[in-house]
Amino acid sequence: MGDFMTKRVTKAILTGAAIATALGGIAAPAYAQRDPAYAAARAAGEVGEKMDGYLGIVVAETPELRRIVNDINIKRRAVYSEKAQESNATLEEYALTAGCIAIAKTVPGEKYQAPDGSWQTRTDAPPMRDSRCP
Amino acid sequence: MTSDELTDRGGLATTGIMQGKQGMRGIKKMAVAALASLTLAGCITVEAPDKPIVIELNVNIRQEVIYRLAEDAGNTIEENADIF
């Protein structure tokens with residue numbers, strides 16, 4: 001009986017892993033790379049980093065860009081929420097902090113939101129950030 | 001209550017008569033006070049600010065909180081490189 005159960009559980013785990021692998025990326029480890037569509041939109045300056053820690057659409061909105069941005073932002077929000085709770089901070093505090101760092105990490109050519117709300121193209125110079133950013 | 005229990009009536013209120021010199025002194029004091037207040041009024045000036053008062057949004061998020069979270073947020077971004 002015990003042996004039978006163990007086999008069943010093992011089989012279930014293996015099946016789950018196989019499905020996850022087939023769907024692609026679900027069981028992917030950390031340090032994964034950006035989705036190609038997102039990477040392309042980012043490099044083209046169609047999307048940019050906002051001050052609040054989320055991604056924004058810089059150019060005229062298209063359904064495809066909206067899909068990419070929503071997908072990323074939903075995932076970011078989930079991460080912020082979890083980490084904020086661990087750090088005993090609010091979601092907004094954590095998101096704003098991540099926004100500071102995400103803007104600092106943009107590379108020349110990418111878009112980011114300046115403290116006045118305008119979209120800026122990152123150059124070699126440090127980005128214009130909120131005065132509270134570290 | 002009967003009238004027996006009441007105490008005797010007090011004397012009628014009288015008006016004091018101002019006496020020459022003392023009365024004048026009072027008027028002088030008032031004049032000095034009025035002058036002093038006029039002089040002081042010239043010193044205290046309250047000017048309206050020429051620029052509108054700006055209240056920054058998200059003011060409830062303090063810099064010290066951001067500094068405390070910075071390292072952790074940096075790690076989070078590296079660990080979730082696919083969505084940043």
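How many helices and strands are there in chain A? Chain A has 4 helices and 4 strands. Keep in mind that you're looking at a predicted model.

Start at the N terminus of chain A and walk along: the elements come in the order α-α-β-β-α-α-β-β. Chain A has 134 residues, and 29% of them count as buried. Now take the contacts in chain A with a separation of 6 or more: 41% of these are between residues 24 or more positions apart.

**Where the chains touch**

Chain B puts 19 residues into the contact, and chain A puts in 26 residues. On chain B's side, the residues that touch chain A split into 11 nonpolar, 5 polar and 3 charged.

| Helix | Residues | First to last C-alpha | Expected span |
|---|---|---|---|
| α4(A) | 14 residues | 20 Å | 20 Å |
| α2(B) | 17 residues | 24 Å | 24 Å |

Both reaches come out close to what you'd expect at 1.5 Å a residue, as given for α4(A) and for α2(B). Still, α2(B) has a bend of about 45°, located at A70(B).

Why is α4(A) described as largely enclosed by the rest of the structure? It's because 11 of its 14 residues are buried. Among them are Y94(A), L96(A), A98(A) and I101(A). These buried residues of α4(A) pack against β1 (47–49), α3 and β3 (111–113) of chain A, and also against α2 of chain B.

In α2(B), the buried residues are I66(B), L69(B), A73(B) and T76(B). Look at how they are spaced along the helix, and here's a handy rule: an α-helix has 3.6 residues a turn, so residues three or four places apart point the same way. Part of what covers the buried residues of α2(B) comes from chain A, including α3 (63–86) and α4 (91–104).

Nonpolar side chains tend to be buried together in soluble globular proteins. Here, the largest nonpolar core has 28 residues, and V47(A), I68(A), Y94(A) and A98(A) have the most contacts inside it. Which elements each supply at least two residues of this core? They are α2 (36–43), α3 and α4 of chain A, plus α2 of chain B. The largest share, 8 residues, is from α4(A).

Zoom in on V47(A). Setting aside its neighbours within four places in sequence, V47(A) is in contact with residues including A41(A), L55(A), I57(A), V58(A), L65(A), I68(A) and V69(A).

Technical notes. Residues numbered from 1 in each chain as written. Chains lettered and ligands numbered in written order. Predicted model: local features only at pLDDT ≥ 70, side-chain atom pairs only at ≥ 80, totals over all residues. Contact = placed C-beta atoms within 7 Å. Nonpolar A, V, L, I, M, F, W, Y, C, P; charged D, E, K, R; others polar. Buried ≥ 20, exposed ≤ 12 C-beta atoms within 10 Å, placed from the backbone. Expected span 1.5 Å × (residues − 1). Bend = angle between axes of the 7 residues up to and from the residue. Core = buried A, V, L, I, M, F, W, Y, C linked by C-beta atoms within 7 Å.
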